[in-house]
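Please open the model in your viewer and keep the sequence panel beside it.

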Amino acid sequence: MQTHGWDSESGTIIFLRSWSKGNFSDEELIDLELLFRVYFIGLTRETEEYADQLHLTYPMEIQVAAGCELHSSDIAKGFLRAAYQGSDFLSFQNMSWVPSLKSDSRAQSACDLMNQYEAIRETVHSLTANTCPRFALGLFDAGKVDLQKQVRPVAWLSSGPSPGPGRLLLVCHVSGFYPKPVWVMWMRGEQEQQGTRRGDVLPHADGTWYLQVTLDVVAQEAAGLSCRVRHSSLGGRDMVLYWGHHLSMYLILLAVTVPLILLIVVALWFKKRCSYQDIP
C-alpha cells in the first residue's frame, strides 16, 4: 500500500492517506521535507560534478531504496541500497558506504568518496535506524484499521475473444479484494498451467482491487481446467472455479428466469383481460 509520494516540482511530501502523518508533528514533517529537498538537490549536483572522475555515464539512472525492517523483538534494522543503470551499485552498512558484490571498481571509488563525508553518514544512519522505525510504528498505529482490513474477492469465469480457429481464451475475473496481494492461477488438477497470463491489478473507486487472468487453450482441452484464487481474506482456503460449471449456472439461471418472465406476462395479460370484462 502506498502511503506517501513526493512532488519533485515543489519539493514536498504528498500524503496519500488521512493517517499518512502517523504520530509525527507538523514541525517534524517540515524538517524531514526540508532535509529530503536539500539532499535531492545535492545528490543531483554532486553526481553531475563527480561523474567524469568516477567514470560514470551522464546523464544516468540511479535507483535508491531506503527504509527499515521492524521485528517482533522490537529490533529495527535500517537499510539503504542504490543501483546504477539498473544494476546493484552500493549500500549503507554499519555507518559506511560499501560496494555491492557484483559492482565494479567505480562503486568502490564512489564509496571512498562518500565515506569522507561524516556528517552525511551520521544523517543517513539516524534516518534509517532511528527516524524510520519511530515513524513506521506511528504509521501502523494510526492506519491499523485500513492496514488490517480484509475484503473477500468475488470471482467468475468468462470467455474472451477467440485467439484463433479451434481455440478458447479463458478469462478468470477476481474483483473487490483487499489488500492488494493476490495469487491467481489456471490449473488442471494440482498442475499450474504455464500459459497463464496475468493482467495488471487495477484499483476500484472504493479502494478494493480487480485482476483478470487468462489462458489460451485448444477448445477440446478446456474441460477439467479451473481457476484458483488465494488471498489473505480467505483464511487459508483457496477459491476454485471450474471451467464448464459457469455454463451450467447460466443454463440454470435461464431455466429459472424464462418461466418466471412468462408467468409474469400471463398474469398481467389475465389481469388486463379481467379488467376489461368488468367494464359494463
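Among contacts in the protein between residues at least 6 apart in sequence, what percentage join residues at least 24 apart? The share is 53%, where a contact means heavy atoms within 4.5 Å.

Before selecting anything, note that this is a predicted model, in which local features need pLDDT of at least 70 and side-chain atom pairs count only at pLDDT 80 or more, while totals for chains, interfaces and linings use all residues. Residues are numbered from 1 along each chain as its sequence is written, and side-chain values use heavy atoms, with hydrogens and water left out.

**The whole chain**

Begin with a cartoon view, in which the protein has five helices and 15 strands; these are DSSP runs numbered from the N terminus, with helices being H or I of at least four residues and strands being E of at least two. Then switch to a surface, where the protein exposes about 18500 Å², with carbon and sulfur atoms supplying 58% of that area; the areas come from the Shrake-Rupley method with a 1.4 Å probe, and for residues only the protein chains shown count as cover. Of the 280 residues, 31% count as buried, a term for under 20% relative accessible area, with exposed meaning over 50% and partly exposed in between (1.4 Å probe, protein chains only).

**The disulfides**

Next, select the cysteines. A search of the whole structure finds two disulfides, each defined as a pair of cysteine sulfur atoms within 2.5 Å. Numbered in sequence order, the bonded cysteines pair as 1-2, 3-4.

Zoom to cysteine 68 and cysteine 132, whose sulfur atoms lie 2.1 Å apart in a disulfide. Because cysteine 68 belongs to strand 3 (residues 62-70) and cysteine 132 to helix 3 (residues 118-142), this pair ties together parts that are 64 residues apart in sequence. The link is left-handed, with -75 degrees about the S-S bond, and cysteine 68 is buried at a relative accessible area of 17%.

Move on to cysteine 172 and cysteine 227, joined by a disulfide with an S to S distance of 2.0 Å. Cysteine 172 is in strand 8 (residues 167-177) and cysteine 227 in strand 14 (residues 225-230), so here the parts tied together are 55 residues apart in sequence. The torsion about the S-S bond of cysteine 172 and cysteine 227 is about -80 degrees, and the disulfide is therefore left-handed. Both cysteine 172 and cysteine 227 are buried.

While the cysteines are still selected, look at cysteine 111, which is buried with a relative accessible area of 0%.

**Helix 1 against helix 3**

Now show helix 1 (residues 26-50) together with helix 3, which pack at an angle of about 140 degrees with their axes 13 Å apart. Axes are lines fitted to C-alpha atoms, for helices over the stretch in contact, and angles run from 0 to 180 degrees between N-to-C directions. That angle makes helix 1 oblique to helix 3, since angles under 35 degrees count as roughly parallel, over 145 as roughly antiparallel, 65 to 115 as roughly perpendicular and the rest as oblique.

Threonine 131 is buried, with a relative accessible area of 17%, and touches Phe24, Leu32 and Ser126, not counting residues up to four places away in sequence.

**Loops and peptide bonds**

Select histidine 231 in the loop between strand 14 and strand 15 (239-242), where it is buried at 7% relative accessible area. Leaving aside residues up to four places away in sequence, its contacts include Gln150, Phe177, Tyr178 and Pro179. The C-alpha atoms of histidine 231 and lysine 180, which are 51 residues apart along the chain, are separated by 8.9 Å.

From there, step to the cis peptide bond joining tyrosine 178 and proline 179, with omega about 5 degrees. Proline 179 lies in the loop between strand 8 and strand 9 (183-188).

Finish with the loop between helix 1 and strand 3, which holds proline 59 as well as histidine 55. The peptide bond from tyrosine 58 to proline 59 is cis, with omega near 0 degrees. Histidine 55 has a positive phi of about 60 degrees although it is not a glycine, and counts as exposed at 62% relative accessibility.
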